Amino acid sequence: MDRRAFGLSAVASLAVAGCDRSNYVSRFKTYHGPEVTSVVVNKGARKVYLLNGEGILREYKMDLGFAPLGHKRVEGDGKTPEGLYRIDRRNPNSSFHLSLGISYPNAADRAYAHALGKRPGGEIFIHGEPNSEKERKRAARVSDWTAGCIAVRNEEIEEIYAMVRDGTPIALRA
C-alpha cells in the first residue's frame with residue numbers, strides 16, 4: 001500500500017472512531033410501558049402526575065410561574081393556567097432542556113383577555129431546566145421561577161417527553 005492510500009485509510013479510520021457514540025447519552029429516551037392517558041398538574045402540591053386510567057405511573061416535583069396563585073388570564077402575569085387542555089406540540093430545541101406544549105389559550109381564555117383589552121399570552125410548556133448557565137443558576141436559587149410554565153429536572157423531562165404523546169389531555173388544578 002502506498003503512503004497516500006495508507007494516509008487516507010488512517011484518516012478514515014480516525015473519522016469513524018470519532019463517530020463512536022458508545023459513551024453518548026441521548027436526551028431522547030424510549031418508553032415501552034403502559035400508555036399515559038392523561039397528565040394532572042396539582043399546582044398547590046407542586047406535583048405533576050402521569051396517569052394510565054386512574055393509576056399513577058409517575059409523579060414529579062415541579063416549579064411554576066413566578067405568580068402561581070390563580071388561573072393565567074393575560075400575557076405577562078406569571079401565572080400557570082388552570083383548566084383542561086391538551087399536550088399539543090413538542091420542542092426539542094427550546095431554551096430549556098426539552099419541552100412539551102400545552103394548548104393554552106383556549107377560546108374562553110382568548111375571549112376573557114380580549115374583553116380586558118389584553119392578550120392571553122401563550123407558549124405554556126412542561127419543560128426542563130434552562131439551557132443557559134446564567135438562567136440555570138437563577139432557577140436553582142428560587143422556586144416558581146418560570147413565566148407560567150411547569151418546570152421539572154432535566155432527567156424528568158426526558159422521561160416525560162418519551163412517555164407523553166401529543167394529544168394527551170392535561171388537567172391543571174389549583
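Two strands count as paired here if DSSP finds at least two bridges between them. Strands (E, at least two residues) and helices (H or I, at least four) are DSSP runs, numbered from the N terminus. The model is a predicted one, so local features need pLDDT of at least 70 and side-chain atom pairs count only at pLDDT 80 or more, while totals for chains, interfaces and linings use all residues. Residues are numbered from 1 along each chain as its sequence is written, and side-chain values use heavy atoms, with hydrogens and water left out.

Strand 4 (residues 83-91) is a handy place to start looking around. With strand 8 (residues 169-173), strand 4 pairs in the antiparallel sense over 4 bridges, and Gly83 can be found opposite Leu172 of strand 8. Strand 4 also runs antiparallel to strand 5 (residues 99-102), again through 4 bridges; here Arg89 faces Gly101 of strand 5. Further along, strand 6 (residues 125-127) and strand 7 go parallel, joined by 2 bridges. His127 has Ala151 as its bridge partner in strand 7.

Tyr104 and Pro105 are joined by a cis peptide bond, with omega at about 5 degrees, and Pro105 belongs to the loop between strand 5 and helix 2 (107-115). Two non-glycine residues have positive phi: Leu98, near 65 degrees, and Glu123, at about 55 degrees. Leu98 is in the loop between strand 4 and strand 5, whereas Glu123 is in the loop between helix 2 and strand 6.

As for accessibility, buried means under 20% relative accessible area and exposed over 50%, with partly exposed in between (1.4 Å probe, protein chains only). Leu98 is buried, at a relative accessible area of 0%, while Glu123 is exposed, at 55%.
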